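Here is a friendly walk through a protein model, meant to be read with the structure open beside you.

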Amino acid sequence: MNQGLLLRFENLVQLRGACQQLRALPSRKVCGARWKPVELSAHPVGSLPLHPQLWPKHRLISAALSQCRHLATKEETKKKKKKIPLTKGEVEIRQKMTVEELAQAMGKDIDHIYEVLLYTNINLDSVEPDSILSEDHIKMIVQKSGMKYKSAKLKEEKERKNTDAPWFCCNYRPPADPAVLTPRPPVVTILGHVDHGKTTLLDSLRKTQVAAMEAGGITQHIGAFIVHMPSGEKITFLDTPGHAAFSAMRARGTNVTDIVILVVAAEDGVMQQTIESIQHAKNAGVPLILAINKCDKPEADPERVKKELLAHDVVCEEFGGDVQAVNISALKGENLMVLAEATVALAEMLELKADATGLVEGTIIESRKDKGKGPLTTAIIQRGTLRKGCVLVAGKTWAKVRFLFDENGKAVDAASPGTPVEIMGWKESPSAGDEILEVESEQRAQEVVAWRTYVEQQEKMKKDLEVIEAKQKEHRVEYEKQQQKLAHLTWRQRKAVLYKANKQLMFSRPKERTEMDENTLSVIVKGDVDGSVEAILNILDSYDCEDECKLDIVYFGMGDISENDISLAEAFNGVIFGFSVKANESIKKLADKKGIKIKLHNIIYKLIEDLKSELNSRLPPTLVETTVGEASVLDTFSVTVGKNKIPVAGCRVHKGLLDRKMKFKLIRNRDVIWKGCLSSLKHHKDDVQVIKTGMDCGLSLDKNLEFSIGDEIICYEEKEVQQTTSWDPGF
């Protein structure tokens, strides 16, 4: 123990002596000394001689310089690492920056950030270099430092290679060799106003009863059929809905057609959807054939129809135009062969041919879901021959064709150009109107779908970013206005004012907060086919009464009502609307148990009427005043009750009656100056409850108000009346 203490003491003495020798050396000698690396480990402190003056001077200097150089080099390295470039111009900022990150972006040290934060309401005791600052505080720090800020751009992703189908992304596919072109059936679309006999015409041509199977006798889907003519020709017919709600379906049918047969009822003439159908045909550049239907009726006037169509640039052949006009009766089958021959003749003039070889192209006319078969699509093949096993892409989904069906549900092996066919094997339901393209393999199909999904996501992100920036700008303006109103207050006073303003909302539960919002009708829309859902959504897009009741579409899709729909409706307190779909008993029981409304319809305008009724039920009732009686003030006087003088009006009832139980209002110069109840109603000296027409009375109000001769006293009752929405869907 004593030896250890003695050794430590000797070390201290030796170290002190070495320091004194180092101080005694002239500074120029130290600076001019030649650098020689010295192994300090060869001379441990404990082994130094007792007398420091005996230690060689050059070794001492070398050891000291080695230590000094080592320390200096370390400090310089730290400084180089911490050296911050001076920021010029704008400072790039982003959300949720730390104090240290902001200092680096500004080219300042952390102390500068702390100094600026002294002018805010942030508690500096809780701020560390890795503390996250809000966006408002970041902008304020930059501005108070005399700098400008700009939002940092997101890192740009590496440009992704376009893996879409080559002829789709460039909107061009090389034309087919004329040598391989073969004649194909014409695709004919039947257009016209609702209930003008389009489906009945097809029934007569096909010898079927399609119209009888349609809900309400109104076509609500696109039907695609092949009609075999006695002469051997084939015609592919598309029957489109004529109802106002199905405009998109009519446009889709026109875009894939070669000829349009415009059906107009002879007794009704040109109607709204007739004009729209003409416009669809013009937009698609498709020739017209006019079929004037219901000519067997006594009130039929075909000539009037032809003259009305002149106003819409539809000129029949007898007026010097190029539109064939055929008078028919679809119900009795009159002149149908004449119409068919006119269609075949026009198709021959158009010389319709297609390439039945190579990769398949087509257009989806309708899309639906089947419980046993899964997603199904009705399509018109436009190029190539579709067979089982083909790999197709449409929109953001793909299919390996498992089965093909004709319009009668019979399985077929192949579908050539101009043929309508139902395709089974889709991974998901594509949208009606999507273009069908055949690709080489399943892997290639997945690449195409992945690319299209990526492009859609990028476009959505771009739109979302624009919305976010607009909202941020709007919120910023509101925030600045609020800050200006509170600028004269200290930060503690500002906190108190904001706390009081938001106190009720802060302490309310989430469920109560939603009840405080405006009335909202959340709806879930389910349809049998994609086109039906599209038609309903197009109608709902026209809703423009958000100030009365908000309409929120929570979900839409195809297929029968499911448990998922019930769960969504429960979460959003919504209503399920189904069009041509079903809900099984277990689903209905589950909906009843959870108090969810399921509204099922087969006719679209009845669904919209039901939706309007649901909107009306969400509107608050309004008070309506009904006048019961009217009286005029003929004289005024006052009576003394205790120490108070009460004004009394002498009146005569000239309409209805005055009932003391009801409410009254006093009108002077057409202005209502008082509303309330009567304090007394007398006939002569008797208190009465009712004064009838022609009788005189004296009355006083529940408020001390002076009367004037000529004032009007109105007796009325208030009733709560249910409001109705002012939304007009257009039919």
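Setting aside neighbours within four places in sequence, Cys545 is in contact with Thr725, Ser726 and Trp727. Please keep in mind that this is a predicted model. Cys545 and Trp727 lie 182 residues apart in sequence, yet their C-alpha atoms are 6.1 Å apart in space.

Where does Cys545 sit in the chain? Cys545 is in the loop between helix H17 (530-541) and strand S23 (550-558). Is Cys545 buried or exposed? Its relative accessible area is 3%, so Cys545 counts as buried, the cut-off being under 20%.

## The whole protein

Stepping back, the protein has 20 helices and 35 strands. Of its 731 residues, 39% are buried. The protein exposes about 43300 Å², and carbon and sulfur atoms supply 51% of that area.

Among contacts between residues at least 6 apart in sequence, 71% join residues at least 24 apart. The pair Cys545 and Trp727, 182 residues apart, is a handy one to look at on screen.

In soluble globular proteins, nonpolar side chains tend to be buried together. In this model, the largest nonpolar core has 25 residues, and those touching the most other members are Ile190, Leu201, Leu205, Phe237, Ile261, Ile328 and Leu339. At least two core residues each come from strand S6 (187-192), helix H8 (198-206), strand S7 (223-228), strand S8 (234-239), strand S9 (259-265), strand S10 (288-293) and helix H13 (336-350). Helix H13 gives the largest share, with six residues. A second, separate core holds 21 residues, including Val523, Cys545, Cys549 and Ile608.

Beyond its neighbours within four places in sequence, Ile328 is in contact with Leu201, Ala291, Ile292, Asn293, Lys294, Cys295, Glu334, Asn335, Leu336 and Leu339.

Why is H8 described as largely enclosed by the rest of the structure? Eight of the nine residues of H8 are buried, which is why the helix is described that way. The buried residues of H8 are Lys198, Thr199, Leu201, Leu202, Asp203, Ser204, Leu205 and Arg206.

## A sheet of eight strands

Strands of a sheet pair through backbone hydrogen bonds, either parallel or antiparallel. Here, eight strands form an open sheet with antiparallel pairing, in the order S30-S29-S35-S26-S27-S34-S31-S32. Strand S30 (671-676) and strand S32 (686-687) are the edge strands, each pairing on one side only.

How many bridges join S31 to S32? Strand S31 (residues 678-683) is joined to S32 by two bridges, and these strands run antiparallel. Lys682 has Asp687, in S32, as its bridge partner.

## A surface patch and a buried threonine

Phe637, Val639 and Val641 make a nonpolar surface patch of about 250 Å². Phe637 has a relative accessible area of 44%, so it counts as partly exposed.

Elsewhere, Thr98 is found in strand S2 (residues 97-98). With a relative accessibility of 14%, Thr98 counts as buried. Leaving aside neighbours within four places in sequence, Thr98 is in contact with Pro129, Asp130, Ser131 and Ile132.

Terms used
Residues numbered from 1 in each chain as written. Predicted model: local features only at pLDDT ≥ 70, side-chain atom pairs only at ≥ 80, totals over all residues. Heavy atoms only, no water. Pairing = 2+ DSSP bridges. Helix = DSSP H or I, 4+ residues; strand = E, 2+ residues; numbered from the N terminus. Core = buried A, V, L, I, M, F, W, Y, C linked by side-chain atoms within 4.5 Å. Buried < 20%, exposed > 50% of the residue type's maximum accessible area, 1.4 Å probe, protein only. Contact = heavy atoms within 4.5 Å. Patch = residues over 30% accessible without salt bridge, like charges linked within 9 Å, V, L, I, M, F, W, Y side chains within 5 Å. Areas by Shrake-Rupley, 256 points an atom, 1.4 Å probe, with all protein chains shown as cover. Salt bridge = Lys/Arg side-chain N within 4 Å of Asp/Glu carboxyl O.
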